[in-house]
Amino acid sequence: MEVQSVSGENENVKQKENDSCEEQTDAAAREDVSSAGSKAESGSKAAEETTARYNRLKLFDKVIQKSLNRFIEHASFKVFASMFLPLYKNNVKRMEEIHKLFTDVLQKSIQEDIIQLMQEGKFESKFNELDKLENEAKDNPDSAWRPSGVPEQDFCSFLMPYYQKQKAYMKLELKRIRAENAALVERVGAGRKSIAQTEQRISTAVDEWKATVTEFETLASSLCPAHVFDE
């Protein structure tokens with residue numbers, strides 16, 4: 001009897017061990033399936049994120065539409081009817097029509113406001129600019145800027161390129177202004193030279209005119225002496 005009881009206990013232990021092994025196997029299988037499913041979901045999400053990364057405008061529209069749908073869901077017929085319970089009890093069908101009209105007008109109004117905000121904020125051009133910057137950064141072999149942990153160095157590294165550009169711009173402006181001043185000096189010098197030549201010609205013409213007048217007076221006095229006119 002003792003042998004039979006011991007053998008029975010051994011069989012029970014073996015059965016329990018087999019059951020526990022089967023449960024562990026089933027649990028491992030379920031974990032594998034769930035992990036595979038999660039990996040597939042994460043892969044699909046990564047693919048969607050990659051696709052959305054290059055189409056920010058569609059992603060923004062999708063998010064806005066999803067948020068709008070959730071907002072409209074909160075304005076359900078049940079909530080709407082609870083606010084106007086007497087009207088709901090009198091005419092349920094009419095209440096449903098009013099609720100449908102209300103949600104349609106509300107959704108249309110919100111969409112129009114969103115479109116207006118997008119136009120005023122120039123969202124499309126800014127999203128395109130972000131895509132352009134991302135593509136340029138992807139093709140750029142240089143690593144992106146990262147803070148060093150020292151505020152003074154980061155501040156200097158941020159402002160130094162700006163000041164260098166300003167310095168180069170000021171040099172070009174100074175060179176241009178000096179060239180314009182040199183051209184103005186040449187024009188002023190040429191004008192002064194022209195004025196001096198004109199004055200010289202006028203002075204020469206006046207001297208020649210005076211000499212001509214003197215010569216004419218001398219000739220006239222020699223041809224007709226003064227005493228002839230006196231007689």
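**Reading a helical model**

Reply: Among contacts in the protein chain between residues at least 6 apart in sequence, 60% join residues at least 24 apart. Please keep in mind throughout that this is a predicted model.

Me: What percentage of the residues of the protein chain count as buried?

Reply: A residue is called buried when its relative accessible area is under 20%. Of the 231 residues in the protein chain, 6% fall into that class. The accessible surface amounts to about 20,300 Å², and carbon and sulfur atoms account for 59% of that surface.

Me: At what angle do the axes of helix 2 and helix 6 cross?

Reply: An angle between axes is read together with their separation. Helix 2 (residues 56–74) and helix 6 (residues 123–139) have axes that come within 9 Å and cross at roughly 130°. The pair is therefore described as oblique. On the side of helix 2, the contact is made by R56, L57 and F60; helix 6 contributes F123, E124, F127, L130, D131 and E134. Sorted by class, this contact has five nonpolar, no polar and four charged residues.

Me: How is helix 2 oriented relative to helix 5?

Reply: The axes of helix 2 and helix 5 (residues 92–121) come within 11 Å and cross at roughly 150°. Angles over 145 degrees count as roughly antiparallel, which is why helix 2 is described as roughly antiparallel to helix 5. The crossing of these two helices is right-handed. Residues of helix 2 in the contact include L57, F60, I64 and L68, while those of helix 5 include L106, I110, I114 and M118. By class, the contact between helix 2 and helix 5 has ten nonpolar, five polar and one charged residues.

Me: What is the phi of K122, and where is this residue found?

Reply: The general idea comes before the case. Most residues other than glycine have a negative phi. K122 is not a glycine, yet has a positive phi of about 55°. This residue lies in the loop between helix 5 and helix 6.

Me: Is K122 buried or exposed?

Reply: The cut-off for exposed is over 50% relative accessible area. K122 has a relative accessible area of 54%, and therefore counts as exposed.

Key
Residues are numbered from 1 along each chain as its sequence is written. This is a predicted model: local features need pLDDT of at least 70, side-chain atom pairs count only at pLDDT 80 or more; totals for chains, interfaces and linings use all residues. Side-chain values use heavy atoms; hydrogens and water are left out. Buried means under 20% relative accessible area, exposed over 50%, partly exposed in between (1.4 Å probe, protein chains only). Contact means heavy atoms within 4.5 Å. Accessible areas come from the Shrake-Rupley method with a 1.4 Å probe; for residues, only the protein chains shown count as cover. Axes are lines fitted to C-alpha atoms, for helices over the stretch in contact, and angles run from 0 to 180 degrees between N-to-C directions. Helices (H or I, at least four residues) and strands (E, at least two) are DSSP runs, numbered from the N terminus. Angles under 35 degrees count as roughly parallel, over 145 as roughly antiparallel, 65 to 115 as roughly perpendicular and the rest as oblique. Ala, Val, Leu, Ile, Met, Phe, Trp, Tyr, Cys and Pro count as nonpolar, Asp, Glu, Lys and Arg as charged, and the others, Gly among them, as polar. A crossing is left-handed if the near helix is turned anticlockwise from the far one by less than a right angle, and right-handed if clockwise.
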